[in-house]
Amino acid sequence: MDRGNDKVMKNREGFYIYRAIPAIVLLLLLFALPMFFVFQKAFLSQGRALKDVFSDIYTYKLLGFTFFESFLSATISVAIAMPFASFFSKYSFPGRKAILTLSDLAFTIPSILVVLSFVIWYGNAGILNTFIMHVFKLDEPRLKILYSFKAIILAHVYLNFPIAFSLITGSWSMMDEKEELCSKLMGKGNIKTFFMITLGKIKGTVIASWILIFFFCFSSFSIVLVLGGKPSYYTLEAEIYKRTYTDMNPESASALSLFSFLVLSLLLLISSGGRREAKAKRSGRTLIKARRSKILIAIILSLLILLFLLPPLLSIVYRAFFTKDGTFTLRAWHDMSHGSGLIASSIAGIINSFIIALITATLSALLASKIALASRGSKSRILPLFTSLPMATGSVTLGLGFSFVSAYIHSDKIIVSYILVILSHLILTLPFAVRTILPGARKIPKTIALSSYTLGASMSKTVRKIENPMIFGYKMKAFAFSFALSLGEFNATLSLSEGKVVTIPVLIYRMINSYNFQGASALGSILLLEALVVFFVGEVKANGISRD
């Protein structure tokens, strides 16, 4: 009987891999085609640009700074998240779920909105400095953050602290606390228990969170370009963009892209090689109802999170309706509705962003579900690693590659530009969609499929009628994440579209550069609203999912 089941399960694994082949082939093409053109351009003129890049000391200075800011950003984000995760994983209190949901939402906030919110909130003439100057009767701003190294780190921590907090809290709250209790009964204090037992159980999630944030920061572009403010703070991605569109040197940009890809691929292999999927029993701990002093701690921690995350984003909404001196105005909205000035294309940008995000998210969730079901039972780690390859490129590099593809096609048709933008968004969102669905696919018991086969159902019918409904909530969450990521995608779109495809993030970037902060805030409010609506729709559909 066991041999029969083993044979069925082997056939089942083959069926899922066969079913995922179209998605895998498409992923391969979407990744390999633009990268082929980038590499080809790098080897032109007998590889002179490539030799120059690999022998130039400036390349390694760029790498050193990129590595340092990514390391620092990831370390600070995780270090700050740990004490918050410790409390939120142990105690229940009113508002706990809302704070955790807000942290999940932060993952979908577009980086261009972070740039805009920092300019409005932390700028020398921003809301925070204006408030401080008014309260303390100062003549000049004292809080000078923008256009500096600390602005880059603060923005990265702002974006990534909630990710670390959410992931670590989810893992910590699912940990069985019996060993911790035994340790304390034996007279070990909280600190010794944490380092001897707790840290060992959650270190996989802590490391995974750090690695994810590191890769995000390594490929950072808009935050570095705008908030850094000068070439001495450029990362590899920002320099690639500069060499392409400012220096007009695509060969050098391609050579630097190849250098960046090799470095990131090596880091990806190293980071994935030392980790194994945790298969510990996840009975979960019983949350303790917070009382007295714990309620006070809960209030303080929740307020700290809210005061860190909300003011910059709310300042965008405020600035959309108020001038810098606090006068209420609807001018930006009037310009948008009447199509005047730079906002003339805003309606088209809103429509473009929504349609591109909708198509991208639908395809991403569909393809990711097939890849996730094929990956769950496979003992090989090649497929999950393969889907991570786009993380080793960066959106500017992919945008550069797709722009070479567009030039090769020699088509001026606008539909071609739209298709290429959608494909570039798809390759960027697919890895995250796969990782969102994969935990749900791994939770499906094998016995359910075996029972279905015993009752005469085919493998395809079992997938359609049983397994797909079981991962539907995860697919909706993947759809929501992919939609929000595509909606806010800025780097590849700016690199690829050359003004042909206008989206909200591209318009916001142009308005920031022209100091039209009120117009940028009006569009930013719309972008934020769309991201919020889609996120909460995904949350409602996925409300049956337990935290992973």
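This is a predicted model: local features need pLDDT of at least 70, side-chain atom pairs count only at pLDDT 80 or more; totals for chains, interfaces and linings use all residues.
**Nonpolar core.** The largest nonpolar core holds 165 residues, and the members that touch the most others are Phe-88, Phe-165, Leu-227, Ile-508 and Ile-512. Helix α7 (residues 149–173) supplies the largest share of this core, namely 13 residues.

**Packing of α15 and α23.** Two packed helices are described by the angle between their axes and the distance between the axes. For helix α15 (residues 346–376) and helix α23 (residues 504–513), the angle is about 140° and the axes are 8 Å apart. Angles over 145 degrees would count as roughly antiparallel; α15 and α23 are therefore oblique to each other. The residues that meet are listed below by helix.

| Helix | Residues in the contact |
|---|---|
| α15 | Ser-346, Gly-349, Ile-350, Ser-353 |
| α23 | Ile-504, Pro-505, Leu-507 |

By class, the residues of this contact comprise 4 nonpolar, 3 polar and no charged.

**Surroundings of Ile-427.** Ile-427 lies in helix α18 (residues 414–443). Ile-427 has a relative accessible area of 0% and is therefore buried. Apart from neighbours within four places in sequence, Ile-427 contacts Leu-27, Leu-30 and Phe-31, together with Pro-390, Leu-398 and Phe-402. Leu-26 is 401 residues from Ile-427 along the chain, yet the C-alpha atoms of the two residues are separated by 9.3 Å.

Definitions and conventions:
Residues are numbered from 1 along each chain as its sequence is written. Side-chain values use heavy atoms; hydrogens and water are left out. A nonpolar core is a set of buried Ala, Val, Leu, Ile, Met, Phe, Trp, Tyr and Cys residues joined through side-chain atoms within 4.5 Å. Buried means under 20% relative accessible area, exposed over 50%, partly exposed in between (1.4 Å probe, protein chains only). Helices (H or I, at least four residues) and strands (E, at least two) are DSSP runs, numbered from the N terminus. Axes are lines fitted to C-alpha atoms, for helices over the stretch in contact, and angles run from 0 to 180 degrees between N-to-C directions. Angles under 35 degrees count as roughly parallel, over 145 as roughly antiparallel, 65 to 115 as roughly perpendicular and the rest as oblique. Contact means heavy atoms within 4.5 Å. Ala, Val, Leu, Ile, Met, Phe, Trp, Tyr, Cys and Pro count as nonpolar, Asp, Glu, Lys and Arg as charged, and the others, Gly among them, as polar.
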